[in-house]
Amino acid sequence: MKKHDIIGLGIVVAALIWSGISPNDRLTWAMEIAPVLIALPILVGTARRFPLTRMVFGLIVMHAVILIVGGKYTYAEMPVFNWIRYSFHLARNHYDRLGHFVQGFVPAMIIRELLLRRTGLARGPWLAAVIVLSCLGISAIYELIEWQAAVILGSGADAFLATQGDVWDTQKDMALAGIGSIATLILLNRA
């Protein structure tokens, strides 16, 4: 592993330790950090065979920290976004919205890198379509997981769902992931 990979992993591990100390809700914390705990061994195990670019690895670290912070406080109660909510008289804490935008933004770069390096797919409209549709699929799977958590846990899943009374939360979450993936293609396509 390269020095920047080790530093990034150190940041994620430190954030995990910090977040595990008295999180707002232990079950929500476990559900929110689960993707990070799944991704870490994969990143470490594939680092030699498939080293990621510095930018993609940095984006993964950023995404992991967003998930970890959401686990620590719950997405509906992230303190900085509560301050924004109250300062600007917003109806909700928008940390969840940021998380779902990043849920499209970061995977788009990962998928792009995988497809360009491991398939015959070249830059162009087909690559863009596969990336956006893949990110929308990932988002849909995540929303299905949230639904099942609500079915199994009932009101115990409220902190994990972070709907904050918005009946269109699921659709908005998936739309933001789609927007995030499109933003990646527009902003970082040359990278």
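**Exercise 1. Determine where Thr74 lies, and whether it is buried or exposed.**

Solution. Step 1: in this predicted model, Thr74 is found in the loop that joins helix 3 to helix 4 (79-87). Step 2: the phi angle of Thr74 is near 75°, a positive value in a residue other than glycine. Step 3: the relative accessible area of Thr74 is 5%. Buried means under 20%, so Thr74 is buried.

**Exercise 2. Carry out the analysis for Ser22: in which loop is it placed, and is it buried or exposed?**

Solution. Step 1: Ser22 is placed in the loop between helix 1 and helix 2. Step 2: its phi is near 50°, again a positive value in a residue other than glycine. Step 3: Ser22 has a relative accessible area of 59%. The cut-off for exposed is over 50%; therefore Ser22 is exposed.

**Exercise 3. Describe the secondary structure and decide whether the radius of gyration agrees with that of a compact globule.**

Solution. Step 1: the chain contains eight helices and zero strands, giving the pattern α-α-α-α-α-α-α-α along the sequence. Step 2: for 191 residues, a compact globule would have a radius of gyration near 16 Å. Step 3: the chain has 17 Å, which agrees with that expectation. Step 4: the C-alpha trace spans about 45 × 35 × 35 Å along its principal axes. Step 5: of contacts between residues at least 6 apart in sequence, 73% join residues at least 24 apart.

**Exercise 4. Characterise burial, surface and charge for the chain.**

Solution. Step 1: buried residues account for 44% of the 191 residues. Step 2: the accessible surface is about 10,200 Å², and carbon and sulfur atoms hold 72% of it. Step 3: there are 16 positive and 12 negative side chains, with the centres of the two sets 16 Å apart.

Definitions and conventions. Residues numbered from 1 in each chain as written. Predicted model: local features only at pLDDT ≥ 70, side-chain atom pairs only at ≥ 80, totals over all residues. Heavy atoms only, no water. Helix = DSSP H or I, 4+ residues; strand = E, 2+ residues; numbered from the N terminus. Rg over C-alpha atoms; globule rule 2.2 N^0.38 Å. Buried < 20%, exposed > 50% of the residue type's maximum accessible area, 1.4 Å probe, protein only. Contact = heavy atoms within 4.5 Å. Areas by Shrake-Rupley, 256 points an atom, 1.4 Å probe, with all protein chains shown as cover. Lys, Arg positive; Asp, Glu negative; His and termini not counted. Charge placed at Lys NZ, Arg CZ, Asp CG, Glu CD.
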